[in-house]
Every structure is written in structure tokens, then in C-alpha cells.
Amino acid sequence: SAVISQKPSRDICQRGTSLTIQCQVDSQVTMMFWYRQQPGQSLTLIATANQGSEATYESGFVIDKFPISRPNLTFSTLTVSNMSPEDSSIYLCSAPLGTSGREAIFGPGTRLTVL
Amino acid sequence: GESVGLHLPTLSVQEGDNSIINCAYSNSASDYFIWYKQESGKGPQFIIDIRSNMDKRQGQRVTVLLNKTVKHLSLQIAATQPGDSAVYFCAENSYGGSQGNLIFGKGTKLSVKP
């Protein structure tokens with residue numbers, strides 16, 4: 001089955017700094033997705049990362065805060081910029097890799113704590 | 001706006017009993033639904049899915065029921081085991097929506113008592 005990995009698995013960062021999270025998929029996919037999961041809550045879609053074009057952001061998320069790169073069909077990065085404690089969350093990437101073609105497979109997540 | 005939500009935030013069951021986790025959705029355009037299991041420190045793991053042209057689908061020890069009339073989805077786990085303890089999320093995708101772009105419900109924490 002398809003595998004998605006993320007780096008780092010966790011990090012503790014200082015307010016005002018930025019962190020770039022990497023997502024690697026072991027097969028080529030057209031779309032990759034970035035989700036945020038705040039403590040004790042559900043997942044919220046941040047943006048869709050399309051290869052060869054700009055990412056598509058959901059309401060409430062902007063490119064200046066969460067710039068995304070998608071240099072090829074197996075890799076994407078999400079940067080959390082100018083961090084504040086409110087950005088402390090788990091950040092997950094996913095791709096439609098399931099047998100149905102619509103089922104999203106998720107990476108293990110990056111647990112971010114901002115002090 | 002359109003959303004997917006859950007009736008019960010927590011559920012505690014005895015080992016060996018059956019568990020039922022419920023989910024309500026409001027987007028009538030949703031035509032594909034998934035149940036995910038998320039264990040502590042891990043990403044969501046696919047359990048079972050169902051399309052809107054079905055009302056029931058069975059897997060190994062799990063059954064998903066879909067009632068489009070009342071926009072209700074449920075996950076039944078038979079003979080619940082301690083390893084089933086996790087947070088369970090329903091998620092939906094709409095026809096015409098991007099593949100893999102899902103709207104998640106709030107989640108139900110399932111605790112299994114030995």
C-alpha cells in the first residue's frame with residue numbers, strides 16, 4: 001500500500017520564527033492536501049497542493065502565512081510562517097491514494113508546539 | 001455552511017460489546033463517505049468507505065450504514081477490542097469535489113474497557 005512520510009515528526013519553535021514541513025509520497029500523485037488538526041479537534045483542510053500551479057487555499061488560510069511548494073509529483077512542503085502559540089497543532093499531509101480513487105491516505109503528521 | 005458532525009463526542013464500551021458511532025452530514029451533494037480511525041500520535045487511518053448509491057457496506061468487524069433521507073452515517077464495530085480504542089472521524093467528499101479533499105466531522109473518542 002502507498003506510504004506517506006513527513007518531516008519533522010515534531011518540533012518546538014519560538015514565536016516569530018518559521019518552520020517548513022516536508023511531505024514525501026512513495027508514488028506519483030496529481031494532488032496533495034495539507035490539513036491542520038488543533039489539539040483535541042478534527043481536521044481542517046488548509047490547502048490543495050497542485051503540481052505545476054499555485055496551491056489552492058481554503059477560507060481562513062492565506063499563502064503569506066502558509067506558503068506551499070510542490071516541485072514534483074511525489075513531494076510537497078508547507079511552511080508555517082511568523083509563528084504564534086495559536087499555530088500549535090498537528091499538520092498532516094494526504095493524497096488520494098486509496099483504491100477508490102477518492103480515499104485520502106494520510107501521513108503520520110507533524111506535531112508543532114510554538115512557545 | 002455545509003458541515004459534517006457527530007452526535008456523541010465520547011463513547012465507552014465493554015470489551016466484546018458492539019460499538020455504534022454516529023455522524024450527521026448536511027451537504028446533500030455529498031456522495032462519498034469515509035470513516036477514519038486515529039490513534040494517539042498517528043495520522044488518520046482508513047477504515048471503510050461507502051458511496052451514496054449504497055446504504056450498507058461491510059468490512060472485517062465493521063459495518064457502515066448510510067441513511068440519505070436523514071443524512072446520517074454510522075459505523076458499527078462488532079466485538080469491540082481494546083485495540084479499537086481511538087478517535088473515529090467521519091468524512092465526506094462531494095461529487096465534483098477534488099479527489100481526496102475531505103470535510104471531517106468532529107470525532108468520537110472510543111474507549112474500550114477490558
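Predicted model: local features only at pLDDT ≥ 70, side-chain atom pairs only at ≥ 80, totals over all residues.
For bookkeeping, residues are numbered from 1 along each chain as its sequence is written, chains are lettered from A and ligands numbered from 1 in the order in which they are written, and side-chain values use heavy atoms, with hydrogens and water left out.

So who takes part in the contact (heavy atoms within 4.5 Å)? Chain B puts in 24 residues and chain A puts in 22. As for polar contacts, there are 4 residue pairs between chain B and chain A, both residues at pLDDT 80 or more. That term means a pair of N or O atoms within 3.5 Å; within protein, one must be able to donate a hydrogen and the other to accept it, and residues adjacent in sequence count only if both atoms are side-chain atoms.

Which strands of chain B supply at least two residues each to the side that touches chain A? They are β4 (30-38), β5 (45-51) and β9 (86-94), and β4(B) gives the most, with 5 residues. Strands, by the way, are DSSP runs of E, at least two residues, numbered from the N terminus.

Now the cysteines. Over all chains, the search turns up 2 disulfides, meaning pairs of cysteine sulfur atoms within 2.5 Å.

In chain A, A:Cys23 pairs with A:Cys93, sulfur atoms 1.9 Å apart. The S-S torsion there is about 75 degrees, so this disulfide is right-handed. A:Cys23 sits in β3 (residues 19-25) and A:Cys93 in β9 (residues 89-96), 70 residues apart. Both A:Cys23 and A:Cys93 are buried, that is, under 20% relative accessible area with a 1.4 Å probe, protein chains only.

Over in chain B, B:Cys23 is joined to B:Cys90, S to S 1.9 Å. The torsion of B:Cys23 and B:Cys90 is about 60 degrees, so that disulfide is right-handed. B:Cys23 is in β3 (residues 19-25) of chain B and B:Cys90 in β9, so the pair ties together parts 67 residues apart in sequence.

And A:Cys13? A:Cys13 is in no disulfide, and the nearest cysteine sulfur, on A:Cys93, is 17 Å away. A:Cys13 is buried, at 7% relative accessible area.

Key. Contact = heavy atoms within 4.5 Å. Helix = DSSP H or I, 4+ residues; strand = E, 2+ residues; numbered from the N terminus. Buried < 20%, exposed > 50% of the residue type's maximum accessible area, 1.4 Å probe, protein only.
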